[in-house]
Amino acid sequence: MLPLEGEGIDLGPLLPEYPSEIIAGIILFLLVWFVVAKKVVPIFEKTYAERTEEIQGGIEKAEAAQAEAAAALAEYKEQLASAREEAARIREEAKTQAAATAAELRQAAQEESARLLETARAQIEAERAHVVQELRGEIGGLATQLAGRIVGESLEDDERARRSVERFIAELEAEAEAKTV
Amino acid sequence: MIPLLIPMEGESHWPPGVDSFDSRPLFPELGPDYYWLNNHLAQAVIGAILVIVFWLWVARNQKVVPGKKQFLGEYLYNLLRNSIARDILGHDYRKYLPYLVGLFSFILVNNLFGEFFLFMFPTFSKIGYAYGLALCTFILYNAAGIRKYGFGNYMKRMTLPAGVPLGLAWLIIPLEFISNFIARPFTLALRLFANLFAGHLVIMVFVVGGGMLLTMTEPANGFPVPLLNAAGAVSFIFSFAIFALELLVGALQAYIFTVLTAQYVSSAIAEEH
């Protein structure tokens, strides 16, 4: 360390005041080195290793949780989709059913109304026939009476009178029919 | 204030010089044989103890999730581990990490002694301590290289870089030898020593000189007393800037010494030169 010491050159501050400084420096530094190597660095490295492990474990756990969440989400989405499909199907069904029911009801109502109309018409026809029958008799009687009074003779012969009335009415009817045709 | 700031140099002589750095024996009554037991040895010992205590303290009760104390320790430790050791040494860094951690913190603490009360003296401005550390580093990087390549092979690698034509070997071998085996340890020691020596000298000039000017009671060299006192005050104030600079220099020199040590080890064990 002191190659020029013996040659009479003044090294000034480059020459240690006491050679023991060199030894003291070395010993103290070796002491520091020893403690750091045996105690400090192993503790720090152990902590780092633990931390790395923990972080890695944490990341793996988080990844697993994420995968689980993704699976659950997919399942829910699937369920939701099938539920939507079902709802649409039910709605469609209900719509068809409602339409069918409405058509059925309309049909029934139409039938009913037709039936009522038919009945009413038949009744009216029957009543009319009855009235016509009655009127025919009454008018015949009245006409005979009237004719008897007019001709001054009693048309006692009912049979004949009835026949002539019949004939008259038939003529009237024929006339009416010819008119309508 | 001056005796408090510079308790060991005193203002007995002016200007401050090389002898301002002389050590003061702790036990002068024992005679010159025990002069090596001096104040600077004491502060070096205290520095080493502080470093050891600090690291043991921050390493105690470490948790995976760090607290404040551990965070501080890890911050410093990571700086050395990742930015110096791992970046320079690569995958082999773990083996040399304790050396670098101890080296950096030991130098740093002793350098900071230059700016803090009680000592006000950077230990490494005594060149013997710097020689000691440089010698340790010298042994470390050569031992690392010799262990990896064997003595002959290592010497060949360190003196004759691969690819040098044999015709130039007569020139390259002495140059590389001087550069790798002589210049390296000496420049390490001298760089550390000279920075702190010079820095401390400047501080002494400003503080001691400022104190002298401030307490002048008679005109000197034709300057009136108020001017001398004002100059002393300015120099005193300016010394704080120098203190700040010296804090930076102290930290920087610790860093440089450590980085170069790592660099030398790395070049000694490198696969390709």
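Two residues are said to be in contact if their C-beta atoms, placed from the backbone, lie within 7 Å. The structure is a predicted model, in which local features need pLDDT of at least 70 and side-chain atom pairs count only at pLDDT 80 or more, while totals for chains, interfaces and linings use all residues. Residues are numbered from 1 along each chain as its sequence is written, and chains are lettered from A and ligands numbered from 1 in the order in which they are written.

Chain B has 8 helices and 0 strands; helices (H or I, at least four residues) and strands (E, at least two) are DSSP runs, numbered from the N terminus. Along the sequence, the pattern of chain B reads α-α-α-α-α-α-α-α. Of the contacts in chain B with a separation of 6 or more, 66% join residues 24 or more positions apart. Buried residues make up 39% of the 273 residues in this chain. A residue counts as buried if 20 or more other C-beta atoms lie within 10 Å of its own, as exposed if 12 or fewer do, and as partly exposed in between, with C-beta atoms placed from the backbone.

Some buried residues form a nonpolar core, a set of buried Ala, Val, Leu, Ile, Met, Phe, Trp, Tyr and Cys residues joined through C-beta atoms within 7 Å. The largest such core has 63 residues, and those touching the most other members are A:Val32, B:Ala85, B:Leu100, B:Val101, B:Leu103, B:Ala130 and B:Val265. Two or more residues each are given to this core by helix H1 (20-151) of chain A and by H2 (39-59), H3 (68-89), H4 (93-112), H5 (127-149), H7 (169-214) and H8 (225-269) of chain B. H4(B) supplies the largest share, 11 residues. With neighbours within four places in sequence left aside, B:Val265 is in contact with B:Leu89, B:Tyr96, B:Leu140, B:Tyr141 and B:Ala144.

The two chains also meet in a contact that takes 31 residues from chain A and 35 residues from chain B. On the side of chain A that touches chain B, 21 residues are nonpolar, 4 polar and 6 charged. Here Ala, Val, Leu, Ile, Met, Phe, Trp, Tyr, Cys and Pro count as nonpolar, Asp, Glu, Lys and Arg as charged, and the others, Gly among them, as polar.

Two loop residues deserve attention for their backbone angles. Most residues other than glycine have a negative phi. B:Asn61, in the loop between H2 and H3 of chain B, has a positive phi of about 50° although it is not a glycine. B:Asn61 is exposed, with 10 other C-beta atoms within 10 Å. B:Met120, in the loop between H4 and H5 of chain B, has a positive phi near 55°, but B:Met120 is buried, with 20 other C-beta atoms within 10 Å.
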